[in-house]
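Here are a few notes to go with the model you asked me to look over. Have it open while you read, and find each residue as it comes up.

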Amino acid sequence: MSSFEQVLRSVDGVQGWMSPDQARRLYDAAARTEAGQSIVEIGSFQGRSTIVLASAASDGVRVIAIDPHAGNDRGPQEIDGFAAAAADDHERFNANLASAGVADRVTHLRMFSDAALAEVDGVVEVLYVDGAHRYAPARADIRDWGARVIPRGTLLI
């Protein structure tokens with residue numbers, strides 16, 4: 001496991017909106033997981049938060065990143081209109097994970113979060129919801145995926 005400061009430096013050039021304080025919360029939650037447990041991230045964009053989670057998690061922790069890379073809900077105030085950037089976002093996501101040395105620790109499900117529910121077995125110890133930036137799908141993620149979080153697990157939004 002890398003130190004928080006090392007991880008923060010490793011995501012310095014990765015596009016995204018995650019602040020250092022937010023990164024710290026993700027890092028701390030992931031660092032508490034143990035082999036055999038699961039971390040699920042909904043909304044990965046170009047991998048900034050994914051790298052933090054995967055870098056902090058212990059060996060044997062499943063890190064599942066769910067993002068359709070469809071060019072919509074790309075970030076705050078960027079709800080649609082980025083279909084042409086979708087392939088580039090996906091390529092950058094993969095390249096950023098590889099550059100950070102965590103690509104082999106992450107299972108990427110390139111699909112919408114509602115479809116991914118059936119693809120992920122078991123409970124979730126850490127859930128990070130940062131997918132759709134509209135009320136109804138964000139609420140559905142919190143409700144449907146939140147129901148999978150174990151008692152005393154961590155749900156970050």
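1. Start with D28, which is partly exposed at 28% relative accessible area (buried means under 20%, exposed over 50%, and partly exposed in between, with a 1.4 Å probe and protein chains only). Before going on, keep in mind that this is a predicted model: local features need pLDDT of at least 70, side-chain atom pairs count only at pLDDT 80 or more, and totals for chains, interfaces and linings use all residues. Residues are numbered from 1 along each chain as its sequence is written, and side-chain values use heavy atoms, with hydrogens and water left out.

2. What does D28 pair with? Its salt-bridge partner is R24, with the closest N and O atoms 3.0 Å apart (a salt bridge is a side-chain nitrogen of Lys or Arg within 4 Å of a carboxyl oxygen of Asp or Glu). R24 is partly exposed too, at 33%. Both sit in helix α2 (residues 20–31), and because they are four residues apart, about one helical turn separates them. Helices here are DSSP runs of H or I with at least four residues, strands are runs of E with at least two, and both are numbered from the N terminus.

3. Now look at helix α4 (residues 86–100), where D88 and R92 are four residues apart, so about one helical turn lies between them. These two form a salt bridge, with 2.9 Å between the closest N and O atoms. D88 is partly exposed at 32%, and R92 is partly exposed at 39%.

4. R143 and D144 also meet in a salt bridge, at 2.8 Å from N to O. R143 has a relative accessible area of 45% and D144 has 27%. The count of salt bridges comes to three. As background, side chains of opposite charge can pair when their charged atoms come close.

5. Back to α2: which residues does it use to meet α3? A23, L26, Y27, A30 and A31 in α2 meet S49, V52, L53 and A56 in α3 (contact means heavy atoms within 4.5 Å). Helix α3 covers residues 48–56, and the axes of the two helices are 7 Å apart, at an angle of about 35°. Those axes are lines fitted to C-alpha atoms over the stretch in contact, and angles run from 0 to 180 degrees between N-to-C directions.

6. Last, find I157 in the segment after β5 (149–156). I157 is exposed, at 66% relative accessible area.
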